[in-house]
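Here is a short briefing to read alongside the coordinates.

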Amino acid sequence: MAYLIQVSRALDDLEERVLVPEKKVLYQFSARGHDLAQILLGLKLTNVNDAACGYYRSRPLLLAMGVELADALGSSMARAGGYSDGRDIGVVFNYPNPGGPAALPMCGGVGAQYTPTAGWAQAVDYCSKVLKDSSYDDAMSVVLGGDGSVATNGFWAALTAATTQKLPMLFYVEDNGYGISVPSTFQTPGGDIAKNLSGFQGLHILTGDGSKPEESATLISDAIEHVRSRQGPCLLRLKVPRLQGHSFQDTQTYKSAEFVKNEWAQDPLPRLREFLVPEVITGAEWDAIEEDARATVEKAREEAEARPVSDPLRVTRNVFYEDELQQRGGQWTRGYSAPAPQENPKPEGPRINMVAAIRKTLDHELATNPRVLVFGEDVGPKGGVHAVTLGLQDKYGEERVFDTSLSEEGIIGRAVGMAMAGLMPVPEIQFRKYADPAAEQINDCGTMRWRTNNRFAAPMVVRIPGGFFKCGDPWHSQTNEVQFVHSPGWKVAVPSNAEDAVGLLRTSMRGNDPVIFFEHRAMLDAASARRPYPGDDFVLPFGKARTVVEGDDLTIVTWGAMVERCEKAAEGRSVHIIDLRTLMPWDREAVLASVRRTHRCLIVHEDLGTAGFGAEISAVVADEAFLDLDSPVVRLTMPDIPSPHHPLLMEYALPSVEDIRAKIDFLVEF
C-alpha cells in the first residue's frame, strides 16, 4: 500500500514538474488525495473475472491492479504501445490483463462508464447461473466516478439496472466536492449522493472519509464483501480531497485560500504514514519505500521516453476486426467457433415475411449458441412492438430473452459490458429515433477496438426498426442510417427482404464487430419482401450488393423500402437496379462497374437529401467514374424535413414510384 501510493505521487510529481512543461504530456490529471482509497480498492479485485471501469483520475486503481509503469507513462506521452498506441488521451485507461481482473476501457465522457460496468455485472451473473461457470460465482464489477458524474444519465440508468436485477456491482463515488469548478451541490441536492439515495430500494449504501486509511479500508472491505456474497449492489461514497486542480491547467481560482488549506490538511499520504509508522514499519523503512518508488518511476520514465511515436501508417488499422484477435471482448475470445457458413440459400417452406424470418434466425442462434442474449423494451411476453421476438422468452427463459427499463443508454451500455465479458448481446431499440439517447454508448462502442489498438472490442448486434409505415411522424418513422455510418467501427445492414435479413443477421450474430441491423417497418410484412427461409446456415457477407434487375440504360442504387418502389418504377425500362444491402461497408465496386456500363446513375433513398448516404455514393461515382458518365449523377430523396404524419403528406415527401419513373426518363433521355 505504501509503495503504490508513493509510486502514484511520484508519477504525478514527474508529470507536473517535468513532462507537462516539456510538452511531453498534453493532458494531466493528478490523483493526489484520491490515491489511497483507490489503491485499497484495487488490491481487493482478486477474482480473474472481476472488472473495474474508472475515469481520468483512476490511475492509482490501475497501479494496484498491476499495470506496467512504462505503459502508464508511455500512454500519457502518447508513445507507441501502451493503452492505445498514441491514439487516445493517456488518462483514458484500459487494461486487458488476460488471466486476471480487467480495467475496462474508460471513456472521455463523464458518466459513460456506468452502464457498461452494469453490463459486465449482468454477464457475471449470467455466466454463473446460466452457463454454470463456477469461476464467476463471487466475481463482481466496480465502477468509479466523481461526484459530478452522479448527475448523468449513465449513473441513473446503471443504478436502476443494478438494483432491479440485483447485480453484483459496486458503485464507488469519489466525492471531492467539485466537478471541475462546479460544486457538488449543483450535481445533487445538498452535495451528498449517499444521503439522497437512502431510500433507494435494493441498494446497500456506505459512506465515509476516503482520506483516513483505517476507515477507508474497513468501508471498502465491507462493500466488497456485500457484493461478493450476492446481497446485491452497493454504493460506497468516500469524501476525498482534490489536492490539485481538475487538470494541470486548472488554477482553482474558484476555491478560497482557506478551503485549499483545509484540503491539504486532509492529505491521506501523511495520514497513512502516521498509521503505519512505527506500528507496522519503521520510519527508515517508509523512507526506503519512497526512495524505491521514485527510482522505479524514473526507470519507467527512461523506458517510456525510449518508445517511439507509433507509425502513422498504422493509424487507420483496427477500426474493424482484421486478422488479429483482440485481447478482451467478444465471444470469439471465449472459444466460440461459428458453424460452417453457407452463402448459397437453400430455400425451404413457403414464403415468409421479414418478421418471421428475423424471429426464426434469432431462434436458431439462441438454440445453438448459449452466449446469445436478446433484450430491450417489450421484447419479453409482448414479443416486441413489431412481434419479432414473440414466443422467444417462453422458449428460452427470462435469463436469455428479457425486458429492460426504459433507457436506451442503459440498454446499449449494458450490451457493451456484456460483449466485453464474452457474450453476444442482441439489444433492440424500438424505433430509430429512440436510439438518440444511446448515441454516446453507440459511439464509444464503435471506437473501442480502434482507440485501444485492438486490446478490447465489444461485438454485438443492435436491432433497430425504423422508416415509414402506413403513416409517418417525427418520432417513429426516421431513418437517418447515415449517422451510424458516421460512427467509426460499426457495420450497418439495411436488408430489403426476408432472405437478406436472415443472411445479414446471422453473419452479424456470428461475427466479431458491432453491427447496426436496420429493420424497415414497411418491409416487415410487405408482400414484396417475402422469401422462403434460406436455411439455418445461410449467411451473407457485408459489402456485397444484390442485383435486383438487369438493365443497360441506367444504374439505380438504392436500399431498404425504396428497392420495391424502384423495381415498380423500372417496369418496361432497361434499368440496372442495385440493392446495396449494407452501407458500412458498401459495394463500391458493383456500383462503379454498373455505372461504367450504363453511363448513368440515379440514387434513391428515404433519408434526407442533405448529407444523406446518397451524397457519399454520388461523390465516389464522380471521383472514380466521371469520364464514363453521359448525364449528371442524380439523387432522389426525402426533402430536409421530418416524416409527416398524415399518409397524404408522408407520401408527398417520400420518393414515389412516379417520381422515380420521371427521373429514369429524364436521365435516359438526357
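This is a predicted model: local features need pLDDT of at least 70, side-chain atom pairs count only at pLDDT 80 or more; totals for chains, interfaces and linings use all residues.

Buried means under 20% relative accessible area, exposed means over 50%, and partly exposed is in between, with a 1.4 Å probe and protein chains only. Residues are numbered from 1 along each chain as its sequence is written, and side-chain values use heavy atoms, with hydrogens and water left out.

**Salt bridges**

- A salt bridge here is a side-chain nitrogen of Lys or Arg within 4 Å of a carboxyl oxygen of Asp or Glu, and the structure holds 42 of them.
- Glu263 and Lys255 form one through their side chains, at 3.0 Å from N to O.
- Arg59 and Asp12 form another, at 3.1 Å from N to O. Because Arg59 lies in helix H3 and Asp12 in helix H1, this pair ties together parts that are 47 residues apart in sequence. Arg59 and Asp12 are both buried.
- The side chains of Arg565 and Glu651 also meet in a salt bridge, at 3.0 Å from N to O. Arg565 belongs to helix H18 (residues 562-569) and Glu651 to helix H21 (residues 647-653), so the pair ties together parts 86 residues apart in sequence.
- Arg565 counts as buried because its relative accessibility is 12%, whereas Glu651 has a relative accessible area of 32% and is partly exposed.

**The six-stranded sheet**

- Helices (H or I, at least four residues) and strands (E, at least two) are DSSP runs, numbered from the N terminus; two strands pair if DSSP finds at least two bridges between them.
- An open sheet of six strands has the order E2-E1-E3-E4-E8-E7, with parallel pairing. Strand E2 (102-103) and strand E7 (204-209) are its edge strands, each pairing on one side only.
- E7 pairs with strand E8 (residues 234-239) in the parallel sense over six bridges, and Thr207 stands opposite Arg237 in E8.
- Helix H2 (residues 35-42) lies across strand E3 (141-146), strand E4 (169-175) and E8, and runs at about 170° to E4. Axes are lines fitted to C-alpha atoms, for helices over the stretch in contact, and angles run from 0 to 180 degrees between N-to-C directions.

**A covered strand and a covered helix**

- Five of the five residues of strand E10 (residues 372-376) are buried. Val372, Val374 and Gly376 lie on one side, with Leu373 and Phe375 on the other.
- E10 pairs in the parallel sense with strand E12 (residues 424-428) over five bridges and with strand E11 (residues 401-403) over three bridges.
- The bridge partner of Gly376 in E12 is Glu428, while Phe375 stands opposite Phe402 in E11.
- Helix H4 (residues 69-76) has eight of its eight residues buried. Its cover includes H1, helix H3 (59-65) and H11, where contact means heavy atoms within 4.5 Å.
- Ala78, which follows H4, has a positive phi near 60°.

**Backbone details worth a look**

- Which residues does a cis peptide bond with omega of about 5° join? They are Val277 and Pro278, and Pro278 lies in the loop between helix H10 (268-276) and H11.
- The peptide bond from Met584 to Pro585 is cis as well, with omega near -5°. Pro585 is in the loop between strand E20 (582-584) and helix H19 (588-598).
- Lys166 has a positive phi near 55° and is placed in the loop between helix H6 (153-165) and E4.
- Ile180 has a positive phi near 55° too; the residue sits in the loop between strand E5 (178-179) and strand E6 (182-183), and is partly exposed at 45% relative accessible area.

**A loop contact point**

- Val319 is found in the loop between helix H11 (283-306) and strand E9 (348-352), and counts as partly exposed at 23% relative accessibility.
- Not counting residues up to four places away in sequence, Val319 touches Gly446, Arg449, Trp450, Pro488 and Gly489.
- The C-alpha atoms of Val319 and Asn453 are separated by 8.6 Å, although these residues are 134 residues apart along the chain.
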